[in-house]
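Hi,

Here is the structure I promised to pass on to you. Have a look at it first, then read my notes below.

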Amino acid sequence: MAALEIVLITGMSGSGKSVALHALEDAGYYCVDNLPPELLTPFVALKRPNGAPKVAIAMDVRSATSLPLVPLQLQQLKVQGVAVQSLFLDASTDTLVRRFSETRRLHPLSRTDASDQHRALVDAIELERELLGDMREQSHVLDTSMIRSSQLRGYVKSLIAAPVNQLTLVFQSFAFKRGVPLDADYVFDVRMLPNPHYEAGLRELTGQDEAVASYLKTHSEVDDMFRDIEQFLNHWLQALVRDHRSYVTVAIGCTGGQHRSVYLVEALTAAFSQHWPTLKRHRELDAG
């Protein structure tokens, strides 16, 4: 019988947990939404002999009082040979407010008797952040603020395909003008590098195009930036492994998230994929 695989999805209300769960269902997982933490261990015991080798479970703030039970339960499951991945979906407060306003849904922690409903919603979101803080710290975080549902589905599927018992490097390009990703463990600002945007014939291209890559390779400071990031990661990766990290997200940002950051993400992915499991994302390009 194949070893049981569990993906636990938690996160902020309105951050896309249902989208992530549907992506896992498409990937062949048996999915359960809003499972009370008290039932996690009995549920796994029920599923193990019944031939459902891949299970995805969503938990949210409605179970906040018992969520502190989950980390110990997950550790016990790992000792029993269960492959466990924890994903936490997050988004900026402004994004969550907008999503709740558009859908007219009521936040599970909202006070319906409040005179200022906007303030009540913001207060509910901040309370939720506090209640879920420990779960966020112990999970791989996915920032859904600036990505579409199709991007989120793709990101979730790529994450669950990564090796469970090895540290996976996630390289992500982004545009500073659209905000720094909330899920980044390390952020490198490359806006001081020569910008292909101002070169004739390169403006409409991206860092994935050979013409842009060739242009950037002619500038020594671009290579210096690549080597500095490479050296930094090589120095600290083993320490991150010893800290039992499953994923490390390295975000590279430039002004528009189109040329310099994309080129460096491509170059770093090529270099580190020789020795580490790696994933790459281009937040702005993937949204096109």
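Strand β1 (residues 5-11) and strand β4 run parallel and are joined by seven bridges. (Two strands pair if DSSP finds at least two bridges between them; strands are DSSP runs of E with at least two residues, helices are runs of H or I with at least four, and both are numbered from the N terminus.) This is a predicted model, in which local features need pLDDT of at least 70 and side-chain atom pairs count only at pLDDT 80 or more, while totals for chains, interfaces and linings use all residues. Residues are numbered from 1 along each chain as its sequence is written, and side-chain values use heavy atoms, with hydrogens and water left out.

Back to β4, which spans residues 83-90. It also runs parallel to strand β5 (residues 140-143), with four bridges between them. You can follow this through F88: its bridge partner in β5 is V141, and F88 is itself the partner of T10. Seven of the eight residues of β4 are buried, where buried means under 20% relative accessible area, exposed means over 50%, and partly exposed is in between (1.4 Å probe, protein chains only).

Next, helix α4 (residues 93-103). Its buried residues are T93, T95, L96, V97, R99 and F100, and α5 (117-131) is part of what covers them. Just after α4, look for R104, which has a positive phi of about 60 degrees.

You will find T206 in the loop between β7 (186-189) and α8 (210-217). Leaving aside residues up to four places away in sequence, T206 touches V212, Q258, H259 and L285 (a contact means heavy atoms within 4.5 Å).

Finally, the whole chain. It has eleven helices and nine strands, and 50% of its 288 residues are buried. Of the contacts with a separation of 6 or more, 79% are between residues 24 or more positions apart. The C-alpha atoms fill a box of roughly 60 × 55 × 30 Å along the principal axes.

Cheers
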